[in-house]
Amino acid sequence: MKLYTDNEIRAVRYYIGDVRNLPEDGFWNDPKAYCLLNALFFPEISAESSRIAEGKQLNPELLADVPRLAGLLKDLFSVFRKSASGRNYQTFRVERFRDYEQMRLAGKTISFTSTSCAGFLKAYQDRCGIALLKFQIPMHTPCIVMQDFFPEYAKPEEAEILLPPRMKLHFEDLSLSEQEQTILDADGNPPVCACSVTVQNDFLPDVLPCSDVPEGGNIAGIRVIKALQNHQSPNNQDVALYSLWKQHFLHEILKNHR
């Protein structure tokens, strides 16, 4: 019996940037879609702003069709419900320091969190201000071990293990080794800190504001992203509407994810 549906496999392929043989349109042809997919989970527009400041292009096409976006995310979470680590892993992540601070304050993963069994990947040093995170992933943790998931893994050099949002985390500060201090960010600066992060097999809920689902929040998000990418300040009402929409949209996606 087949464990994963075709749509679930497609969703994971799309998330890791393997867009070969996917439909040729502005949504499915984006190998960097994870930049915006992850930004959706962060409050306000801090994540969108920081990624665009690093020179990354966020694809507003992802927000144009809400049912399609919801279907993609539901397929990803469905895979997490079916997948778990078969043993203990130690993995590594070069994290934006700003995102690390939010994650540590929340005590959980905020967005999908890519970690690597192959050490601190140079490909992810294109960030301004970095923290080096060493993850301890116990057996039975909900996650996607890409080398096990795919018969033919498109990016074997990344040896990726993907964690879902809202996983409870425990943090312990570490000293940077001499070698780790040579790992530089996009501005040529060494890491701000290093940290051991133990994943705990539990999910922490999000708090939803007491308000109605805002109409047109996804369209406001398109305007916000286009403004940021044109080096303009987005409209404050658009920012507020988009931020509130993100919370409600993700609440609907996450409420059935355990």
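1. Helix H3 crosses helix H7 in a right-handed sense (the near helix is turned clockwise from the far one by less than a right angle; left-handed if anticlockwise). The model is a predicted one, in which local features need pLDDT of at least 70 and side-chain atom pairs count only at pLDDT 80 or more, whereas totals for chains, interfaces and linings use all residues. Residues are numbered from 1 along each chain as its sequence is written, and side-chain values use heavy atoms, with hydrogens and water left out.

2. H3 spans residues 46–53, and its axis lies 10 Å from that of H7, at an angle of about 30° (axes are lines fitted to C-alpha atoms over the stretch in contact, with angles from 0 to 180 degrees between N-to-C directions). The two helices are therefore roughly parallel (under 35 degrees; over 145 is roughly antiparallel, 65 to 115 roughly perpendicular, the rest oblique). Glu48, Ser49 and Ile52 of H3 meet Ile225, Leu228 and Gln229 of H7 (contact: heavy atoms within 4.5 Å). This contact of H3 with H7 comprises three nonpolar, two polar and one charged residues (nonpolar: Ala, Val, Leu, Ile, Met, Phe, Trp, Tyr, Cys and Pro; charged: Asp, Glu, Lys and Arg; polar: the others, Gly among them).

3. H7 (residues 217–229) also packs against helix H8 (residues 236–254): their axes come within 8 Å and cross at roughly 125° (helices are DSSP runs of H or I, at least four residues, and strands of E, at least two, numbered from the N terminus). H7 and H8 are therefore oblique to each other, and their crossing is left-handed. On the H7 side the contact is formed by Gly217, Asn218, Ala220, Gly221, Arg223, Val224 and Ile225, and on the H8 side by Asp238, Val239, Leu241, Tyr242 and Trp245. Seven nonpolar, three polar and two charged residues make up the contact of H7 with H8.

4. H8 has a further partner in helix H4 (residues 66–82), the two axes coming within 10 Å and crossing at roughly 45°. H4 and H8 are therefore oblique to each other, and the crossing here is right-handed. H4 contributes Val66, Leu69, Ala70, Leu73, Lys74 and Phe77, while H8 contributes Trp245, Phe249, Leu250, Ile253 and Leu254. By class, the contact of H4 with H8 has 10 nonpolar residues, no polar ones and one charged.

5. The structure holds one cavity of 30 Å³ or more (on a 1 Å grid over the protein atoms alone, a set of points where a 1.4 Å probe fits but cannot get out; a pocket is an open set with protein on both sides within 12 Å along at least five of seven lines; lining residues have an atom within 4 Å of a point). The largest cavity has a volume of about 80 Å³ (the space filled by probe spheres set on the points, which are joined across faces, edges and corners). Its lining consists of Phe92, Arg93, Val94, Ser114, Thr115, Ser116, Gly119, Phe120, Leu121, Tyr124 and Arg127. Strands S1 and S2 are the elements that each supply two or more of the lining residues of this cavity. The lining of the largest cavity divides into five nonpolar, four polar and two charged residues.

6. The second largest pocket has a volume of about 440 Å³. It is lined by 27 residues, of which Tyr34, Cys35, Asn38, Tyr124 and Arg127 are the closest to its centre. Two or more lining residues come from each of helix H2 (34–39), strand S1 (89–96), helix H5 (97–106) and strand S2 (113–116). The lining of this pocket has 10 nonpolar, five polar and 12 charged residues.
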